[in-house]
Amino acid sequence: MTDRFDGMVAIVTGAAGGIGRATCVRFAEDGATVVAVDLAGSDLDETVAAVSNAGGQCLTVEADVTQEADVARYVAETIAAYGRVDAFFNNAGIEGVRAALTDLDEDDFDKVIAVNLKGVWLGMKHVAPAIAQSGGGAIVNTASIAGLSPTPGIIAYGASKHAVVGMTKSAAQELAPAVRVNAVCPGPVETRMMRSLERQFDPDNPEAVHDMFAQANPLGRYAEPEEVAALVTWLCSDDSRYINGAMHTIDGGGNRTR
Ligand SMILES: NC(=O)c1ccc[n+]([C@@H]2O[C@H](COP(=O)([O-])OP(=O)(O)OC[C@H]3O[C@@H](n4cnc5c(N)ncnc54)[C@H](O)[C@@H]3O)[C@@H](O)[C@H]2O)c1
């Protein structure tokens, strides 16, 4: 679409998922070389195909964002392959189990916190120095509207996303001026994660849950992953060079029933 990322390298975590893959494609369309990070056994091949269809190049790294050695390795493999990092979409996340807070198991709480909170911190810890050594750039963390408002039934998810908001604000001050750090806060997006939450709300009729959420939205629908990708890549571009430590909701105007 543009050449705004020509010669630049972007790392995306959760790159086999809906929002991550769309963002890999958008980075590639705008000239970046993409490093796609996700778990072993995830659909990274489909991301490679999508980036290739967009005329781009994509290195894949199988890594678990909760493991510091894996995080260090995806940065090392990026530098070994391309010698630089300019942008980082710190996006891997899980929804966890829907349950009343009094029924939630400790393991289920810990899993969500490990990926959505610790994984985001580890990503910034290891990628930010590489971006600074490359001459500066931007990080975008994936928070959620669940990081800004109550989330009954998914307390660990809401807590983790509030933490991403907090970490983003702190990181934006610590890492500037070499690295800008912002967060995106999507409402419902058409990906696997919302399919899972819809099933957890009503296993017998997840389609009705989808329609209920869509109708509660002023725009009458969920976001498409490509719409989130457009915001993320803009936040990584020079056009947003004075935007730092900001939370960007992308939710069609919210939920009218709240
Ligand atoms: N879909 C929505 O409605 C929505 C709304 C707000 C925020 N988000 C956030 O957007 C991000 C992307 O979610 P999505 O909607 O594309 O869902 P998704 O499930 O399609 O993608 C998430 C990806 O993260 C990967 N992942 C999970 N744990 C990992 C780990 N330990 N290490 C490496 N990769 C891991 C998964 O394999 C998957 O490919 C998440 O952080 C999610 O919380 C999604």
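Q: Domain bounds come from an automatic or database domain assignment. Into which domains is the protein chain divided, and how far apart do the C-alpha centres of domain 1 and domain 2 lie?
A: This is a predicted model, in which local features need pLDDT of at least 70 and side-chain atom pairs count only at pLDDT 80 or more, while totals for chains, interfaces and linings use all residues. Residues are numbered from 1 along each chain as its sequence is written, and side-chain values use heavy atoms, with hydrogens and water left out. The protein chain is divided into domain 1 (9-187 + 224-250) and domain 2 (190-222). Between the C-alpha centres of these two domains the distance is 23 Å.

Q: How many residues does the contact take from domain 1, and how many from domain 2?
A: Contact means heavy atoms within 4.5 Å. On that basis domain 1 gives 13 residues, and domain 2 gives ten residues.

Q: Which three residues supply 60% of the area that domain 1 buries against domain 2?
A: The size of an interface is often given as the accessible area lost when the parts come together. Buried area is the accessible area (1.4 Å probe) that two parts lose on being put together, summed over both. Domain 1 and domain 2 bury about 920 Å² between them, with 52% of it on carbon and sulfur atoms. On the domain 1 side, 60% comes from three residues, more than any other three supply: Glu95, Arg98 and Glu224.

Q: Which residues around the ligand come nearest?
A: A residue is near a molecule if one of its heavy atoms lies within 4 Å of it. There are 28 residues around the ligand, and those that come nearest are Asp38, Asp64, Tyr157, Val189 and Thr191.

Q: Which element gives the largest share of the shell around the ligand?
A: Helices (H or I, at least four residues) and strands (E, at least two) are DSSP runs, numbered from the N terminus. Two or more residues of the shell come from each of α1 (18-29), α5 (155-175) and α6 (192-201). The largest share is three residues, and the element that gives it is α6.
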